[in-house]
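I opened my notebook today to look at ring contacts and at the ligand site. Here is what I looked up, in order.

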Amino acid sequence: MPAPTPATHVMNTYGRLPFALSHGRGCRVWDTEGREYLDALAGIAVSTLGHGHPKLVPALQDQVSKLIHCSNYYQMPLQEQLAAALCEVSGLSSVFFCNSGLEANEGAIKIARKYGHDRGIERPEIIVYEAAFHGRSIATLSATGNPKVQQGFEPLVEGFVRVPLNDIGAVREVAHRNPNVVAVFLEVIQGEGGINPTRAEYLRELRRLCDEKHWLLMLDEVQCGMGRTGKWFAHQWAGIVPDVMPMAKGLASGVPVGAIVVGPKARDVFGPGNHGTTFGGNPLAMRAGIETMRIVAEDRLIDNAAAVGERIRSGLQREWSGVKGVVEIRGQGLMLGIELDRPCGDLLLRAAKAGLLISVTAERVIRLLPPLIMTPAEGDEVVRILAPLVRDFLAGR
Ligand SMILES: *Cc1c(COP(=O)(O)O)cnc(C)c1O
């Protein structure tokens, strides 16, 4: 018998949990039945300042009443302000604003191709990675290293060469035989792929190789950026600077925004007419980004992310020492992945029933991406709820 058609007019693209959230405050959210949850997901690394932040809300109300949108036909002082703030914390020099992660990555791919054409390379190619996730447009799903994301949408966009993560020999091998490479494109910590960190020494070697070969080093900080790992950007742990940095998720604490932040090698690749977007850089999103960055700095939330993340990690490690089935706890700051030895999608609903919002990615990896405002006490609460849940799950209870 065919499954009954659900009574919904929304296209069926997500497996959704059976409750609806109605409002939130700080790291707490409530559903329409009044049940309370501790938010250890932040809408997938988006709600940097949690919910209903007392400094962000009035700023957004003020901006909504002044100007939400006006078009890039005009001067945009708020874009200038947010771009300057991003350049200051990244050491980069120029920004293009868009509306989402995939758009930032799509723009980065366009920059790489045009950079190649400008240098006389007719068929530019980009090195991408196994288990990478860069979005769901045709070009970004082609760059993504997950067959499930690609299946049914062939033909894929060409011009990508795939290598395994953290294997510099594989990149050198491509460099040796392929004169059309113009860029290397990767997440500093793979998010959807299972919280897989890139080694610092590997990033430094990539930086050297890109300098030597005149390639662009393009780092997708859409998920790991914006202070989450304990630095503004995850690549800063390796002491390097990329040429192109797409970012998005946490930048405006929930108002949709994306940005391509670039350095001197890439800042003049696009000229008027090469790229654009109607909504990109609108005053509401810019104001949200400016205020988010200001509050993150003022309230020292990056240090907080490092400290509370470490507290959760060590707490979980302590709770699960000797527990069979916990393979590894990975990640940095408030971007943590716990790999189990079996698929664990069931934990989503179990955790929600216990009052905790989490995610499961790559089938076997529990993913924690809490708001950067999470307090140490709330971090302890995450451990207190999650630890017995996973123990019971692994024991088949
Ligand atoms: C979420 C994500 C994207 C896609 O962002 P959207 O806003 O969903 O288009 C791209 N890259 C990474 C690393 C992501 O985590």
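Which residue has its charged end over the ring of W237? I found K231 there, with its charged end 4.8 Å from the centre of the W237 ring. A reminder to myself: this is a predicted model.

Next I turned to ring pairs. My search of the whole structure gave 3 aromatic pairs. I noted F19 and Y37 as one of them: the ring centres are 4.8 Å apart and the planes meet at 10°. Planes under 30 degrees apart count as stacked, so I logged the F19 and Y37 pair as stacked. F19 belongs to the segment before strand 1, while Y37 is in strand 3, 18 residues away. I also checked Y37 for burial, and its relative accessible area of 4% makes it buried.

Then I looked at Y129 and Y202, an edge-to-face pair with 6.5 Å centre to centre and 90° between the planes. Y129 is in strand 5 and Y202 in helix 8, so this pair ties together parts 73 residues apart in sequence. I found both Y129 and Y202 buried.

By class, I recorded 3 nonpolar, 5 polar and 3 charged residues in the shell. Helix 4 gives the most to that shell, with 3 residues.

Notes. Residues are numbered from 1 along each chain as its sequence is written. This is a predicted model: local features need pLDDT of at least 70, side-chain atom pairs count only at pLDDT 80 or more; totals for chains, interfaces and linings use all residues. Side-chain values use heavy atoms; hydrogens and water are left out. Rings of Phe, Tyr and Trp (its six-membered ring) pair if their centres lie within 6.5 Å; planes under 30 degrees apart count as stacked, over 60 as edge-to-face and the rest as tilted. Helices (H or I, at least four residues) and strands (E, at least two) are DSSP runs, numbered from the N terminus. Buried means under 20% relative accessible area, exposed over 50%, partly exposed in between (1.4 Å probe, protein chains only). A charge sits over a ring if NZ of Lys or CZ of Arg is within 6 Å of the ring centre and within 35 degrees of the ring normal. Ala, Val, Leu, Ile, Met, Phe, Trp, Tyr, Cys and Pro count as nonpolar, Asp, Glu, Lys and Arg as charged, and the others, Gly among them, as polar.
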